[in-house]
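Good morning, I have one structure to go through today. Please have a look at it on the screen before I start talking.

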Amino acid sequence: MTTLSREQLVDALTRGIKLAVTSLPQDVKDAIKQAYERESNPVAKKILSSIIDNFTLSEKDGIPMCQDTGTITWFVKVGKDFPLIRELESILQEATRKATKVVPIRPNAVDPLTGKNSGDNTGRFIPWINWEIVDGDDLEITVLPKGGGSEYTSQLRMVSPGLGIKGIKEAVLKTIFEAGGKPCPPIIVGIGIGGGADIAMKLGKIALLRPLTLRHQNPKVAQLEEELFNELNSLGIGPMGLGGDTTVLGVNIEYAHRHPATLPVGIVTQCWAARKATLKITPNGEITVLSHNIPNIFSIKLLGE
Amino acid sequence: MTEYHFKTPIKEEDIRKLHVEDVIYVSGTVITARDQAHRRAVQFHEEGKEIPVTFTGNVLYHCGPIVMKQDDSWSVVSAGPTTSTRMEYIEHKFIEYFRPRVIVGKGGMKEKTLEALSKYGAVYTIFPGGLGALAAKSIKRVVGVEWIDLGTPEALWILEVEEFGPLIVTMDTHRESIHKVIEKTTSENLNRILSKL
């Protein structure tokens, strides 16, 4: 039995980044196509059809669909017996640096104090890695390259607990109204309810990892997702903020129990270019792409191949 | 919503015929400029210095592209728009001094720009955000680059384009702005929805 080498894993993850920035997951493509069919505003329809042209072209030609290839965040679910667990952090940094050159992706890691761009998408705490250590010897990993325009309009709101669900809805509606056309709608809204300030924001981002076709398993939360989906679309912001029926493609919510005195709501806005790729990797180097319908990650070619 | 296809240099009279919601496609010369290039160009003009490119009749694109240099030639990998409001404080001067006919960006601009568009005969258009691949495909050639000392996103990229679009006119020479209208209607919608919660 062969064992997965460091080089193989770096290579597969680099291709995973390329897959993410050049090809949208099927659920996002479907949601945009459905929005196009439904849309009654002619300007909005024109924008949605050009978005479909753009993601079709980027996938066919293997080029980033958007020039802002975002900040790289990794969501890691690693078995405690996965053979490369000890060097995984440096592997993720290496794959990020390599992808900057061979996809290529735009260097987006800037020192907040000096303004200096590191040039390779790595820096202090970046790429950010979310760790989850589980039983077993597999690695399940998601890369989320999220654009700056949509991160800019994300917000944490502290709601008075007495206002309950009404207060949560008000916080979300006001945030998306203020965001207007800035996060490149139609957007996906990830919402984290409860926990604490940091937990709510983190849950909002984790909510973005769930496919748009799946509602939350808690029926009360699923109902809130559906109601907010309809209410946000009736704001009329529309694609790129020029009006229309389609402001959001989906609303995904996660929640945690909260302190009696606080009700934090983390609202994470994600542009239509909702890019992510998920790979499952076994210790003997079998790699399955979970996020996209492609049989083999090595069918994704890098620059110069 | 009428569709137009223009070649640069674009005439002022053609621009004055346009209304909000019209869609245009442009072939010819597009020049990128964002925050720092705007500031430097306006400063040069006010000091009586020439800038190294001609915007008159051409397209000004708020964009910081992904570029690649192979051997000695540049190519554009992906080139979607950047947020235009960051240029609002200075755009009216830029229009007065350099007379671009079409401004391309995203997110819309405000009152001072709207006034300058009407006075000097230009339109502000949206190229939908994130369409970096589509934009790059319409770029046939990098004609040149100036002010590369500002860094690749901030430099002036002179691009030859073919059928660059869809560019949606959202601010016209008749002082109409889709952005103003949407701000009002979405605010009314918000209040209506909140009152029903």
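First, the ground rules. This is a predicted model, in which local features need pLDDT of at least 70 and side-chain atom pairs count only at pLDDT 80 or more, while totals for chains, interfaces and linings use all residues. Residues are numbered from 1 along each chain as its sequence is written, chains are lettered from A and ligands numbered from 1 in the order in which they are written, and side-chain values use heavy atoms, with hydrogens and water left out.

Let us begin with chain A. It has an open sheet of 5 strands, ordered 2-1-3-8-9, with mixed pairing. When I say strand, I mean a DSSP run of E of at least two residues, and a helix is a run of H or I of at least four, both numbered from the N terminus. Two strands pair if DSSP finds at least two bridges between them. The edges of this sheet are strand 2 (128-134) and strand 9 (287-289) of chain A, each pairing on one side only. From one strand to the next, the twist averages 15°. Angles here run from 0 to 180 degrees between N-to-C directions, and the axes are lines fitted to C-alpha atoms, for helices over the stretch in contact.

Inside that sheet, strand 1 (residues 71-79) and strand 3 (residues 139-146) of chain A are antiparallel, paired over 8 bridges. A:Phe75 faces A:Thr142 of strand 3 of chain A across this pairing. Helix 1 (residues 6-22) of chain A packs on the sheet, where it touches strand 1, strand 3, strand 8 (277-281) and strand 9 of chain A. The direction of helix 1 makes about 155° with that of strand 8 of chain A. Contact, throughout, means heavy atoms within 4.5 Å.

In strand 7 of chain A, A:Ile267 is the residue opposite A:Ile191.

On to the domains. Chain A is divided into domain 1 (6-23 + 62-147 + 275-299) and domain 2 (149-270), with bounds from an automatic or database domain assignment. Their centres, taken over C-alpha atoms, are 26 Å apart. In contact are 10 residues of domain 1 and 13 residues of domain 2 of chain A. Between them the two domains of chain A bury about 820 Å², with 54% of it on carbon and sulfur atoms. Buried area is the accessible area (1.4 Å probe) that two parts lose on being put together, summed over both. A:Phe75, A:Lys146 and A:Lys276 supply 56% of what domain 1 of chain A buries against domain 2, more than any other three residues.

How many salt bridges cross between domain 1 and domain 2 of chain A? The rule finds 1, a salt bridge being a side-chain nitrogen of Lys or Arg within 4 Å of a carboxyl oxygen of Asp or Glu. A:Lys146 also forms a salt bridge with A:Glu151, with the closest N and O atoms 2.5 Å apart.

Next, the two chains. Chain B gives 38 residues to the contact and chain A gives 36. They bury about 3200 Å² between them, 73% of it on carbon and sulfur atoms. B:Ile66, B:Leu190 and B:Leu197 supply 17% of the area that chain B buries against chain A, more than any other three residues. The count here is 1 salt bridge; A:Lys46 and B:Glu3 meet in a salt bridge at 3.7 Å, N to O. On the side of chain B that touches chain A, helix 6 (178-196) of chain B gives the most, with 11 residues.

Last, the whole structure holds 34 salt bridges over all chains. One of the salt bridges joins A:Glu59 and A:Lys29, with the closest N and O atoms 2.7 Å apart. A:Glu59 is in helix 3 (residues 42-61) and A:Lys29 in helix 2 (residues 26-38) of chain A, so the pair ties together parts that are 30 residues apart in sequence.
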